[in-house]
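Thank you all for coming; please bring up the sequence and the model on your screens, and I will walk through a few places in turn.

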Amino acid sequence: MTAPTTTTAVRRRVTVRGTVQGVGFRPYVHRLAADLALTGFVGNTQNGVLIEVEGTASGVERFCARLAAEPPPLATVTAVAVEEVPATGADPGFTIRATEQSAPGRTLLPPDTTTCADCLRELADPADRRHRHPFITCTHCGPRFTIATGMPYDRAVTTMSGFPLCPACTREYDAPADRRFHAQPVACPECGPRLRLVPAAGSGVRAARDGDALSRARELLAAGRIVAVKGIGGYHLACDASAARAVDTLRTRKARGDKPFAVMCADLAEAERIAEVGTAGRAALTGPRRPIVLLRPRPAGRLAPGVCPGSPHLGVMLPYTPVHTLLFGLPGDPPGPRVLVMTSGNRSGEPIVTDDDEALTRLFGLADAWLAHDRPIASPCDDSLLRVRADGTEQVLRRSRGYAPCPLRLPVPVRPALAVGGDLKNALCVGEGDLAWFGPHIGDMGDLATLEAAVRAERHMRRLTGIHPETVAADRHPGYHSAAWARRRATRLALGRPVFVQHHHAHIAAAMAEAGLDGTAPVIGVAFDGTGYGDDGTVWGGEVLLADYTGFRRLAHLAPAPLPGGDAGVANPCRTAVARLWAAGLPRDPDLPSVAACSREELRLLERQLPSQVGCVATSSMGRLFDAVSSLAGVCHRAGYEAQAALELEAQACAAWGAETAAYPFGDRFDPAPALRAIIADLRRGTPAPVIAARFHRGVARAVLDLCGGARRATGVTTVALTGGVFANALLEDASTQLLHGAGFTVLRHGEVPPNDGGLALGQLVVAAHGPRPDDDRRKAVSDETE
């Protein structure tokens, strides 16, 4: 290429920000400059990508116009800054410079992405040198977040640093025109990570390596055995989803109760055989993020009954790594299962396992063999989970692999802060300026291993984002493990006391922030969930709040009832139902399903507890009302996992939803007594459980409309935010939204931010940004009171 003369050339310095590292952005820039006969250079910095480009005025103009309009598939350009600089004529061509390590600023790291079509073709091509390579990748696909140990993103700061490139891979890595130019995870069978199959002691399984390890793992799965499979973000426990004995064995070993399993299908056609996929579901399943998608199972599906007992949904995903693809087999391979249970590799209540030595101990007794590899995982990252609404929009229920660490654009600026979320479905969030980053899903914070995982996740997110928090925000519940951890982190970081945010205020603030509201006008927030610490010291969860980012006012709430045993009583919906009947002044007749489900000892204890309130806590929780109705209708009396009773009630309602339009009434001041009385009357008439469940769901949706109507008359506010874990219930959210839209309300619903406690940290972040600093006198007084 001939350099233009300085008399006719112009030169511009261009800084590109966004997700522009690890996505083939520099070779894209190189090709674009070559097409336009321009000179200069491009390089990574900690601020993004820096470009200087020189040539004719028209060529440079076209270059700048195309730069953000035609990025590589995984790139996201958020800002382009252009500065005129003097032309030099000194560049012999257009070059790609080495990564600059010292510049200040921040760039964005892409999430892990499913194997691209080009890599899949090479994987299956016997003539390609990466045929059957379990770690095939390029600049358009593969791991990013889970292998990165620092920024700017380069091979030296990934877990691939321990795998020196062979000459063939080095040539590809150094060639700007190659699809693998500076693809940091690039490797081949000669220089890349290696697979191995490790048998459990006494299992009778033989060890194997590389391709034999995959073949043997497939044989084990076909024989009904359980294999721990190391993926991008951690281990899965896998078994044949059509083999009842294998599924039941996995459920027993993992002590999972009746909690549904997710499944991985070999391909889309297999997914459509077992579930109702639809256009939007197909797009979600096959997109680059490859989450678990909740779908309606087909009645004639070939899955074992133990895969998703009692659930209205089946969690389905497709292969997203080469290991998964090879595990199902390429054409010509011996047949194996076409649908696998793929559940997180952990014991109940613990975080997902990522370390190979830990896997051999923590998963001992669960797996018959381990399909492992020697590429370390820098950050655990569980599978994301979402559902597709009837209107085709998506609601993320667990935001992790494929999403983390994608930033969220904030409608209001925040000072550098860390928000630690809650105790259930924990995911932390860091933010600064107009961006916030969720970390991956961590889980429930009641276990030491989970707390340690939270510490590692927090350090990893700070390292990748470069954020140095000035504030720590947490839930106001004085007994939360996350709140205690926030105090320790604030002390360790010398930040004073954390900012404590009321649980349901944080839910509503998260919905507002995701919707892009600047907080200058309040919303009617309908926050329905299982448990949230209220300002009066009781358990809230059926709340209607007038809220903005600075505060809230409680407009209405579900009439409270005692919760026998507090949080420990949540596992016994039958007791919750008896307590609700007592609070409503209704008889606890022995023939009612919930009463009959209680033992004589339980009933005697309840009859003493409820009048005296000893061992009880008052709750306005909508989640607990769903539990109570589930038991009262005879659906679920004992819960083996969170929200089991409500989930099974939703499943019953689905069966009658299309034909049943009646709605149970709620009384003044959001009193469920009339609804409970109507349910009892229907039980006496022999009304089937699906009809009762459908009428209850419609009754709650009608109550939401009535409550919001009253709030609008009192305040003039016409925007409603539906939030909290109860609104993960598809029937309730859809019915409430339709009624509110029909009455002229603007409705905010969650999309990429989970409605449950997995989205709590975002609300904490924006609320903390609008309150006083934690060392202010007013905040200190609030902290003293809430601690």
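Ser630 counts as buried, because its relative accessibility is 0%, where buried means under 20% relative accessible area, exposed means over 50%, and partly exposed lies in between, computed with a 1.4 Å probe on protein chains only. This is a predicted model, in which local features need pLDDT of at least 70 and side-chain atom pairs count only at pLDDT 80 or more, while totals for chains, interfaces and linings use all residues. Residues are numbered from 1 along each chain as its sequence is written, and side-chain values use heavy atoms, with hydrogens and water left out.

Ser630 sits in helix α17, residues 622-632; helices (H or I, at least four residues) and strands (E, at least two) are DSSP runs, numbered from the N terminus. Leaving aside residues up to four places away in sequence, Ser630 touches Val635, Cys636, Ala645 and Leu649, a contact being heavy atoms within 4.5 Å.

Let me turn to a sheet. Four strands form an open sheet with mixed pairing, in the order β19-β18-β20-β21, and two strands pair if DSSP finds at least two bridges between them. The edge strands, each pairing on one side only, are β19 and β21, the latter covering 499-501. Strand β18, residues 407-419, pairs with β19 in the antiparallel sense over seven bridges, whereas β18 and β20, residues 471-475, pair in the parallel sense over three bridges. Strand β19, residues 429-438, is mostly covered, with seven of its ten residues buried.

Now to a pocket, and first the term. On a 1 Å grid over the protein atoms alone, a pocket is an open set of points, reached by a 1.4 Å probe, with protein on both sides within 12 Å along at least five of seven lines, and lining residues have an atom within 4 Å of a point. The second largest pocket is lined by 26 residues, and Arg296, Arg389, Ala390, Ala730 and Asp734 lie nearest its centre. Helix α21 supplies the largest share of that lining, six residues, and among the other elements that supply at least two residues are α8 (278-286) and β12 (292-297).
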